[in-house]
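User: Please take one part of the structure shown below and describe it closely, in a single connected account. Give the cut-off behind each term as it comes up.

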Amino acid sequence: MRTDTPQTIYRKDYTAPSYLVDTVELGFDLDPARTVVANRMTVRRNPASAQREIELYGEDIELVTLRLNGRTLGEGDYVIEGTLLRIPNAPEEATLEIETICVPESNTTLSGLYTSNGSFYTQCEAEGFRRITYFPDRPDVMARFTVMLRADKDKYPVLLSNGNLIEEGDLDNGRHYALWEDPFKKPSYLFALVAARLVCQEENFELADGRTALLQVWVEEGNLDKTDYAMQSLKHSIRWDEERWNLELDLDRFMIVAVGDFNMGAMENKGLNIFNTKFVLANPRVATDVDFQGIEAVVGHEYFHNWTGNRVTCRDWFQLSLKEGLTVFRDQEFSADMIGTNTGRAVTRIDQVRTLRQAQFPEDAGPMAHPVRPDSFVEINNFYTVTVYEKGAEVVRMYQTLLGRDGFRKGMDLYFQRHDEQAVTCDDFRLAMADANGRDLTQFERWYSQAGTPVVQAETRWDEQAQTYTLRLVQSCPPTPGQAEKLPFHIPVAIGLLGRDGRDLPLTVDGKVHGKDGATTAVLELTEADQTFVFTGVTEQPTPSILRDFSAPVILKHGYSDAELVHLFSHDSDPVNRWEAGQRLAMSRLLKLAGQVAAAGNVVDRLDLDDTFVDAMRKILVDDTLDPSFREQALLLPTESMIADQLDVVDPLAIHLARQFVRADIGARLRTELLAQYDANQTPGEYSPDAESIGKRALKNLALAYLNAAPDEASLALAQKQFDGATNMTDRVAALSALVHARAPAAADALQRFYDEFQGEALVVDKWFAMQAAAPTTDVARVRELMTHKAFTLRNPNRARSLVSTFCAGNAVGFHAPDGSGYGFWAEQVIALDALNPQVASRLARAMDRWRRYTPDLQAHMKRALQQVAGQAKLSNDVREVVSKALAN
Ligand code: B3K
Ligand code: ZN
């Protein structure tokens with residue numbers, strides 16, 4: 001917790017490290033109240049640096065001794081300023097021996113070495129290693145690590161660290177030891193240790209080159225019945241990386257450890273991935289389909305980091321997207337390949353587009369907007385964002401769209417060939433792509449340097465006489481903090497033209513014939529601010545399907561008529577744009593209705609939903625030729641946050657009421673069809689998280705939700721019956737949530753029964769809190785009451801998020817109560833959490849990001865709450881950065 005003025009760090013100020021570290025030997029005497037860390041490292045001057053001082057970082061640790069080449073250094077030999085320890089006049093080469101003490105049991109930040117349920121875990125990315133020992137804790141210093149762990153054998157029977165186990169044995173006083181050695185050099189942020197009472201599921205797995213690797217999934221006793229899916233996902237990940245990228249596991253042993261107290265999803269420490277239990281533990285009884293999918297994606301993601309992140313790492317934290325954007329792209333492709341079918345791939349793509357619109361576009365339009373490769377930060381932990389991750393993945397995807405799959409693969413191969421075991425930059429990646437394909441990707445760099453979501457405006461004209469179709473694309477990008485003017489981006493625009501019969505027309509653009517091999521999508525390259533493309537041989541007035549597969553993270557504007565959208569919604573061969581047409585139809589209705597509700601003073605009165613829209617939805621709903629998973633996506637309305645994003649003045653209640661009206665009206669008018677789909681998409685028999693079953697359950701449960709949006713006795717009974725008879729968590733929570741959202745009289749009883757049955761399962765209790773936090777019937781008073789529940793604690797990130805963050809970020813009606821009580825609650829919780837865990841607090845703080853967009857009354861309340869937090873004398877850099885950027889002009 002700091003009280004000094006936070007410092008801004010700039011990318012342009014990067015300098016090479018003054019000293020390099022060749023080897024590090026760490027010795028840990030683990031004790032929750034007083035852990036002694038002995039660190040011996042060999043360092044040498046970096047020829048690439050003009051700086052002559054050794055620079056080490058340390059935070060919240062007590063320095064006991066510091067020796068240089070055997071000589072103990074005294075006060076005058078080194079300088080400590082804040083977190084920086086400098087040793088001037090250091091020799092070219094040196095052995096440094098440093099002893100420090102830390103207190104894991106009182107480390108509530110969950111960064112560095114901490115205890116969870118009595119056992120030891122670490123989290124070092126981004127700058128947690130300095131909370132363990134003094135070190136040049138920056139990603140461009142890569143060293144070989146050897147780690148000796150010593151701890152009480154009874155309490156901590158399992159001692160793990162990175163790499164290979166070299167030796168283990170017993171010591172005096174009931175203690176034991178384990179010696180680990182990581183054969184690869186790595187930056188300190190990838191260091192990890194675990195000392196715990198755990199059990200594991202393990203397996204020997206044969207790699208492509210014939211070697212076998214030992215795979216282990218470590219969990220607390222009692223959770224061994226929930227490790228199968230993580231293990232299976234790990235094996236699939238290893239195989240996929242071999243087959244798609246020719247990348248092999250480079251270790252003899254690969255471990256995953258699940259821990260209940262964890263700030264984010266998981267961490268890719270070399271050979272010892274540490275995971276939030278949420279992304280490991282699953283069986284049908286406790287985990288939903290979405291949980292299973294999350295596990296596959298995150299296990300994949302962390303495993304894929306072994307090459308994109310670990311073998312090739314980041315030069316500095318501004319380059320974070322080099323590893324995160326690329327690894328998200330890889331995990332997205334993995335998930336899509338695991339499904340295999342075309343629609344399956346498209347459904348994963350639609351999900352990605354929804355995430356961008358739900359979270360990234362708002363970020364890009366708010367006070368925390370930053371480029372994929374930021375230019376500055378106060379606290380790097382604030383930059384593990386949807387922009388760096390998800391928009392970063394879109395940027396990587398655009399290379400593949402521009403270069404083709406083979407071209408992209410060549411670029412990847414060259415990237416590894418050039419940069420294995422190096423710490424590099426986003427530019428290095430871009431250059432590998434360019435060089436491997438003989439392409440100039442200079443302009444493409446702007447995707448890394450310019451923030452904000454580009455807007456592409458499309459105008460079209462068909463000339464019957466000349467049989468030409470002209471497409472004019474005009475791009476612009478709104479200003480973002482620190483960037484008033486933007487230059488044109490290099491945007492791949494995938495396009496197809498639909499004929500009157502709904503089929504794709506053959507394409508000839510600017511003299512180039514596309515689709516020789518039957519493909520009827522062309523990838524246009526928009527590089528100018530205003531550019532025109534001419535299609536020739538167009539014999540009929542087409543309907544344009546622009547930005548197929550969401551070929552770029554932009555906002556596409558085009559004056560589509562309802563008739564054109566219905567045509568696309570019924571026929572587009574590109575499933576993503578087919579879905580998109582439905583979203584456009586829905587959005588125009590939602591915006592109009594929200595306006596009407598607001599004008600009537602937030603009363604839902606005489607609203608009307610047109611037949612065109614309802615009929616279009618009906619047609620998709622009953623179309624058995626379409627996968628249920630696609631139909632479910634097509635029937636999902638844009639979220640309240642996506643609607644808000646379209647408005648200059650946001651009235652959250654009006655949006656909610658309008659959206660509820662549409663849901664209820666669809667529920668009532670499509671009752672027969674929804675019931676039929678409910679019956680047709682049952683998945684009897686043993687639960688399986690395969691894509692087809694997941695799709696069926698999703699459509700069935702969406703039908704249940706629609707039916708209960710305007711509930712009658714029969715729909716409520718259906719939900720109750722599903723709740724009572726559910727054999728898996730997906731169906732159970734869907735039914736419970738239908739009852740809760742319908743304000744069913746039986747909801748309270750169902751919630752209680754749910755809690756009673758699952759109170760021993762922490763992850764299910766999180767769902768129980770989250771479901772209540774998100775219900776529009778839940779107000780601040782109810783949240784406060786839930787906070788007094790014996791199962792609630794702010795100290796566990798998952799639990800704090802399940803109730804407090806879900807309410808603040810996922811319950812617009814309750815949070816934006818007209819009296820400002822939601823904001824007062826927010827301020828209180830941000831402050832309370834900040835004292836415990838700045839990273840979790842700072843995430844919560846972002847719930848107020850877009851406060852300037854709300855109605856004047858709400859804005860005034862929000863500003864007061866922000867000022868209340870900003871006015872705290874003691875605040876972490878994390879929260880300080882977020883609230884001061886929100887308040888800045
Ligand atoms: N690399 C970690 C995230 C670390 C977050 C530090 N605040 C997980 C991941 O992206 O795989
Ligand atoms: Zn990652």
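Analyst: **Cysteines and the ligand site**

With a relative accessibility of 13%, C477 counts as buried (under 20% relative accessible area, whereas exposed is over 50% and partly exposed lies in between, with a 1.4 Å probe and protein chains only). The model is predicted, so local features need pLDDT of at least 70 and side-chain atom pairs pLDDT 80 or more, while totals for chains, interfaces and linings use all residues. Residues are numbered from 1 along each chain, chains are lettered from A and ligands numbered from 1 in the order written, and side-chain values use heavy atoms, without hydrogens or water.

C124 is also buried, at 0% relative accessible area. A disulfide is taken as a pair of cysteine sulfur atoms within 2.5 Å, and by this rule the count is zero. The sulfur of C124 has its closest cysteine partner in C102, 11 Å away and too far for a bond, and C477, which is in no disulfide, has the sulfur of C426 as its nearest, 18 Å away.

A polar side-chain atom of E125 lies 2.5 Å from a nitrogen of ligand 1, while for H301 and an oxygen of the ligand the distance is 3.1 Å, and for H305 and an oxygen it is 3.2 Å. Of the 340 Å² of accessible area that ligand 1 has on its own, the protein covers 95% (Shrake-Rupley method, 1.4 Å probe).

H301 and H305 return at the zinc ion (ligand 2), where their NE2 atoms and an OE of E324 are the protein donors, 1.9 to 2.1 Å away (N, O or S within 2.8 Å, or 3.2 Å for Na, K and Ca; water is absent, so sites may look incomplete). The donor residues follow the spacing H-x3-H-x18-E. Because H305 sits in the loop between helix 2 and strand 23 (313-314) and E324 in helix 3, the pair ties together parts 19 residues apart in sequence. Both H305 and E324 are buried.

Technical notes. Polar contact = N/O pair within 3.5 Å; in protein donor to acceptor, adjacent residues only side chain to side chain. Helix = DSSP H or I, 4+ residues; strand = E, 2+ residues; numbered from the N terminus.
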